[in-house]
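Here is a friendly walk through one protein model, written for someone who likes to check geometry against coordinates. Have your viewer open and follow along.

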Amino acid sequence: MSTHFGGRTLARSQALQLLFQAEANSRAVLDVLDGEYALSQGPLDDYARRLALGADECRPDLDAVIETRSTGWSVARMNAVDRNLLRLALYEMLNVDEVDISVTIDECVELAKAYGTDESSRFVNGILGRVADDLDAGVDVVAAARERVASAAEEPVAEPDPAEGEDA
């Protein structure tokens with residue numbers, strides 16, 4: 001890819017690449033960093049390292065937030081670039097006070113355009129926008145997501161009616 005990024009955009013791009021490599025190889029980001037890894041532009045930025053390690057550490061909570069904001073798409077079914085970009089953006093939105101949420105969203109939408117599919121930028125923008133609205137309303141999105149996931153796990157699974165499969 002011939003896309004050239006600089007500054008924090010480059011750091012986000014590098015963090016995305018680290019998250020993607022870690023997931024593709026079923027490894028933690030720390031393990032990827034301890035071995036060989038590939039970056040489209042280097043050397044590794046300290047902010048990229050911070051974002052990738054933080055998103056990886058918080059992945060279960062970030063995935064719960066993504067799952068509760070995504071309509072009709074489980075995290076596992078999402079495009080790997082979109083999934084990891086959402087993790088990265090949500091980590092930054094929730095844990096990096098020195099960056100405005102709107103900046104994080106704009107930057108990640110641009111990364112989605114560069115690395116994702118034709119639909120990625122709209123998909124990423126939609127999910128991040130819903131989370132931003134909740135944050136503006138004072139919602140603890142992680143706690144709400146954990147609660148929603150826990151209540152969904154407690155719901156009884158309906159047993160199929162054997163009579164429905166029979167011809168009348």
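The text below goes from the overall fold to pairs of packed helices and then to a few single residues.

## Overall picture

Please keep in mind that this is a predicted model. The protein holds eight helices and zero strands, and from the N terminus on its elements run α-α-α-α-α-α-α-α. Of its 168 residues, 40% count as buried. Among contacts with a separation of 6 or more, 70% join residues 24 or more positions apart.

## Helix pairs

Two packed helices are described by the angle between their axes and the distance between the axes.

| Helix pair | Axis angle | Axis distance |
|---|---|---|
| Helix 1 (residues 7–24) and helix 5 (residues 80–95) | roughly 125° | within 9 Å |
| Helix 3 (residues 46–57) and helix 5 | about 100° | 9 Å |
| Helix 6 (residues 101–115) and helix 7 (residues 120–136) | roughly 165° | within 8 Å |

Let us take the pairs in turn. With axes crossing at roughly 125°, helix 1 and helix 5 are oblique to each other. Helix 1 passes helix 5 in a right-handed crossing. On the helix 1 side, the contact uses Arg12, Ala15, Leu16, Leu19, Phe20 and Glu23, and these meet Ala80, Val81, Arg83, Asn84, Leu85, Arg87, Leu88 and Glu92 of helix 5. Sorted by class, this contact has eight nonpolar, one polar and five charged residues.

Helix 5 also packs with helix 3, at an angle of about 100°. That angle makes helix 3 roughly perpendicular to helix 5. Tyr47, Arg50, Leu51, Gly54 and Ala55 of helix 3 make the contact with Arg87, Leu88, Tyr91, Glu92 and Asn95 of helix 5. These residues divide into five nonpolar, two polar and three charged. If you compare the two lists, you will meet Arg87, Leu88 and Glu92 of helix 5 in the contact with helix 1 and again in the contact with helix 3.

The crossing of helix 6 and helix 7 is right-handed. From helix 6 come Ile101, Ile105, Cys108, Val109, Ala112 and Lys113, while helix 7 brings Ser120, Ser121, Val124, Asn125, Leu128, Gly129, Ala132 and Leu135. By class, the contact of helix 6 with helix 7 has nine nonpolar, four polar and one charged residue.

## A closer look at helix 1

Helix 1 has 18 residues and reaches 26 Å from its first C-alpha to its last, close to the 26 Å expected at 1.5 Å a residue. This helix is mostly covered, with 13 of its 18 residues buried.

Gln17 sits in helix 1. Is Gln17 buried or exposed? Its relative accessibility is 15%, so Gln17 counts as buried. Leaving aside neighbours within four places in sequence, Gln17 is in contact with Ala38, Leu39, Ser40 and Tyr115.

Just after helix 1 comes Ser26, with a positive phi of about 50°, and here the positive value belongs to a residue other than glycine. Ser26 is found in the loop between helix 1 and helix 2 (29–34). At 70% relative accessibility, Ser26 counts as exposed.

## Two further buried residues

Ala48 has its place in helix 3 and, at 0% relative accessibility, counts as buried. Which residues does Ala48 touch, not counting those up to four places away in sequence? They are Ala11, Gln14 and Ala15. Ala48 and Arg12 lie 36 residues apart in sequence, yet their C-alpha atoms are 5.8 Å apart in space.

Val141 is found in helix 8 (residues 141–154). This residue is buried, with a relative accessible area of 1%. Not counting residues up to four places away in sequence, Val141 touches Val65, Arg69, Leu94, Val131, Asp134 and Leu135. Another pair to inspect is Val141 and Thr68, which are 73 residues apart along the chain, with their C-alpha atoms separated by 9.4 Å.

Methods
Residues are numbered from 1 along each chain as its sequence is written. This is a predicted model: local features need pLDDT of at least 70, side-chain atom pairs count only at pLDDT 80 or more; totals for chains, interfaces and linings use all residues. Side-chain values use heavy atoms; hydrogens and water are left out. Axes are lines fitted to C-alpha atoms, for helices over the stretch in contact, and angles run from 0 to 180 degrees between N-to-C directions. Helices (H or I, at least four residues) and strands (E, at least two) are DSSP runs, numbered from the N terminus. Angles under 35 degrees count as roughly parallel, over 145 as roughly antiparallel, 65 to 115 as roughly perpendicular and the rest as oblique. A crossing is left-handed if the near helix is turned anticlockwise from the far one by less than a right angle, and right-handed if clockwise. Contact means heavy atoms within 4.5 Å. Ala, Val, Leu, Ile, Met, Phe, Trp, Tyr, Cys and Pro count as nonpolar, Asp, Glu, Lys and Arg as charged, and the others, Gly among them, as polar. Buried means under 20% relative accessible area, exposed over 50%, partly exposed in between (1.4 Å probe, protein chains only). The expected span of a helix is 1.5 Å times one less than its number of residues.
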